[in-house]
Amino acid sequence: MNADHFFSFEHQLIIVGLICPRSIVLVYRPPKMHKDFITQFVDLISSLLPKFDRVLILGDFNIQVCCPTKPLVSEFMNLVDSFNLTLLTTGPTHKLGHTLDLVLSSGLPICNIEIFDACLSDH
């Protein structure tokens with residue numbers, strides 16, 4: 001996976017475990033819409049899922065998934081569904097009440113997600 005290929009967002013990939021490796025991907029997508037984000041994010045997921053049975057993707061996506069009419073939301077949620085990812089973030093993560101910070105998983109039974117204000121940012 002060539003990191004230079006993903007210029008519409010930043011990411012850090014961490015692989016945990018030797019016998020049964022899990023991948024954790026931290027994502028930051030700048031707020032300004034980039035026409036290549038969906039395609040590049042599909043490429044990232046497509047490169048991970050065949051290699052890892054357990055994947056956790058989390059970060060600041062700057063996509064208001066709580067507002068279905070906003071730009072990118074429908075296309076992004078279709079992408080999440082098409083890869084059978086579970087969206088675990090269910091509440092607002094931004095001071096204005098929007099859900100911008102997301103936790104997505106594949107093959108990981110995560111039971112408890114807690115959202116709290118760390119007072120470091122607006123979300």
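The pLDDT is the predictor's confidence in each residue, on a scale from 0 to 100. Across the protein the pLDDT averages 81, and 75% of the residues score at least 70. Confidence is highest in helix α1, at 94, and lowest in strand β5, at a mean of 87. Where pLDDT is low, the predicted coordinates should not be read in detail.

Let's start with a pair of strands. Strand β1 covers residues 10–16 and strand β2 covers residues 22–28; they pair in the antiparallel sense over 7 bridges. To see the pairing for yourself, find L13, which stands opposite V25 in β2. Now follow the chain into the 5 residues between the strands of this hairpin, where G17 takes a positive phi near 95°.

Next, look inside. In soluble globular proteins, nonpolar side chains tend to be buried together. The largest nonpolar core here has 24 residues, and F37, F41, I57, F61, I63, F76 and L104 touch the most other members. Which elements give two or more residues to this core? They are β2, α1 (37–48), β3 (54–60), α2 (73–82) and β5 (101–106). Of these, α1 gives the most, with 6 residues.

Leaving aside residues up to four places away in sequence, F41 touches F9, V27, I57, F61, F76, L79 and L104.

Is S47 buried or exposed? With a relative accessibility of 17%, S47 counts as buried, because the cut-off for buried is under 20%. The side chain of S47 reaches the backbone oxygen of L44 at 2.7 Å.

Finally, turn to helix α2, where V73, F76, L79 and V80 are buried. Why do these residues lie on the same side of α2? They do so because they cover an arc of only 130° around the axis. What covers the buried residues of α2 includes α1 and β5. On the other side of α2 you will find D81 and S82, which are exposed. After α2 comes N84, whose phi is positive, near 55°.

Notes:
Residues numbered from 1 in each chain as written. Predicted model: local features only at pLDDT ≥ 70, side-chain atom pairs only at ≥ 80, totals over all residues. Heavy atoms only, no water. Pairing = 2+ DSSP bridges. Helix = DSSP H or I, 4+ residues; strand = E, 2+ residues; numbered from the N terminus. Core = buried A, V, L, I, M, F, W, Y, C linked by side-chain atoms within 4.5 Å. Buried < 20%, exposed > 50% of the residue type's maximum accessible area, 1.4 Å probe, protein only. Contact = heavy atoms within 4.5 Å. Polar contact = N/O pair within 3.5 Å; in protein donor to acceptor, adjacent residues only side chain to side chain. Arc of directions from axis to C-beta.
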